[in-house]
Amino acid sequence: MTHSHGAAPTTELPDAGTPSWRLLATLGGSGALAGLLLVLAWQWTTPSITAHRAQVEQAAVAEVLKVPARMDTLYVVDGKLTRTPVGDPAKLERLVEGFDAQGKRSGVAGRAGEPGFADVVSVMIGFDPADGSLLGMKILGQKETPGLGDKIEKDSAFVGQFTGAKAPLTGVKARSGDNKSQVATITGATISSRTVIRIINNAVARWQPMLAAYDREAKP
């Protein structure tokens, strides 16, 4: 008896999947698109961020100079002060002169920053270049420890000490009498406190001779 057998079953090979070149192309295209979106977002938001920073800085200048009747900008070019910027003014270090209603210079403001406990601390400083007395200071940027280091910005008692103080400043645990060069540091945030003091001392020490030279050259 003859047995009839059907055709042998065929075994299909598994799909090899998407070619590697196509995967690479897809990944590359996705990466390029993500990069393009980031660039577009940066270009879109940068002008508004820059404008906001300028507004914040301008308000800080007015605050530390006690809202002068008039303000003029000086630019640092080759270590000297000038009213005429060279290149992009936005990239130059600047000092702002404040004048009273009679046209007398009432103070100078400048922005300075140095590393603190966590990150760079940025400070707007208002001072009288004649004797180094401070008109005020305002923290423009800091990322110090919340609840401790950030008191350099939020503790009104600490901030208030700088108005009327006289550089060079010394950080102390408690002020003795009416010593205008002493600033009481914040308990638990000594490093952050001393950072602010150091920034102010270094900035005033650098700016004073530049302003003195500028004043000499500006005299008729």
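**Figure 1. Asp78 sits in the loop that links β1 and β2.** The view is taken from a predicted model, in which local features need pLDDT of at least 70 and side-chain atom pairs count only at pLDDT 80 or more, while totals for chains, interfaces and linings use all residues. Residues are numbered from 1 along each chain as its sequence is written, and side-chain values use heavy atoms, with hydrogens and water left out. Helices (DSSP runs of H or I, at least four residues) and strands (runs of E, at least two) are numbered from the N terminus. Phi of Asp78 is near 55°, a positive value in a residue other than glycine. With 77% relative accessibility, Asp78 counts as exposed; the classes are buried (under 20% relative accessible area), exposed (over 50%) and partly exposed (in between), for a 1.4 Å probe and protein chains only. The hairpin of β1 and β2 has 2 residues between its strands, and Asp78 with its positive phi belongs to this hairpin.

**Figure 2. Strand β1 pairs with β2 and with β3.** Two strands count as paired if DSSP finds at least two bridges between them. The pairing of β1 with β2 (residues 80–82) is antiparallel and involves 3 bridges. Within this part of the model, Val77 faces Lys80 of β2. The pairing of β1 with β3 is likewise antiparallel and runs over 6 bridges, and Thr73 stands opposite Val96 of β3.

Figure 3. A pocket is defined on a 1 Å grid over the protein atoms alone, as an open set of points where a 1.4 Å probe fits, with protein on both sides within 12 Å along at least five of seven lines; its lining residues have an atom within 4 Å of a point. Grid points are joined across faces, edges and corners, and the volume is the space filled by probe spheres set on them. The lining has 15 residues, and Arg53, Ala54, Glu57, Gln58 and Arg94 lie nearest the centre of the pocket. Helix α1 (20–64) and the strands β1 (70–77) and β3 (94–99) each contribute at least two lining residues. The largest share, 6 residues, belongs to α1. By class, the lining holds 6 nonpolar, 3 polar and 6 charged residues, where Ala, Val, Leu, Ile, Met, Phe, Trp, Tyr, Cys and Pro count as nonpolar, Asp, Glu, Lys and Arg as charged, and the others, Gly among them, as polar.

**Figure 4. The second largest pocket holds about 170 Å³ of space.** Its lining includes Glu63, Val64 and Lys66, together with Gly136, Met137, Lys138 and Ile139. Ile152, Glu153, Val159 and Thr163 are also among the lining residues. At least two lining residues come from each of α1, β6 (133–141) and α2 (151–154), and β6 gives the largest share, 4 residues. The lining divides into 5 nonpolar, 2 polar and 4 charged residues.

**Figure 5. Lys66 lies in the loop between α1 and β1.** Phi of this lysine is near 60°, which is positive although Lys66 is not a glycine. Lys66 counts as partly exposed because its relative accessibility is 48%. Lys66 also belongs to the lining of the second largest pocket.

**Figure 6. A cis peptide bond connects Ala167 to Pro168.** Omega of this bond is about 5°. Pro168 is located in the loop between α3 (156–160) and β7 (170–172).

**Figure 7. Helix α4 carries Ser192 and Pro209.** Ser192 counts as buried because its relative accessibility is 4%. Leaving aside residues up to four places away in sequence, Ser192 touches Phe117, Glu144, Gly149 and Ile152; a contact means heavy atoms within 4.5 Å. Ile152 is also one of the residues lining the second largest pocket. Pro209, in the helix of residues 190–218, counts as partly exposed at 47% relative accessibility. The C-alpha atoms of Pro209 and Pro129 are 8.7 Å apart, although 80 residues separate the two along the chain.

Figure 8. From the N terminus, the order of elements is α-β-β-β-β-β-β-α-α-β-β-α. Of the 220 residues, 32% are buried. Among contacts between residues at least 6 apart in sequence, 50% join residues at least 24 apart. The protein exposes about 13900 Å², of which carbon and sulfur atoms supply 59%; accessible areas follow the Shrake-Rupley method with a 1.4 Å probe, and for residues only the protein chains shown count as cover.
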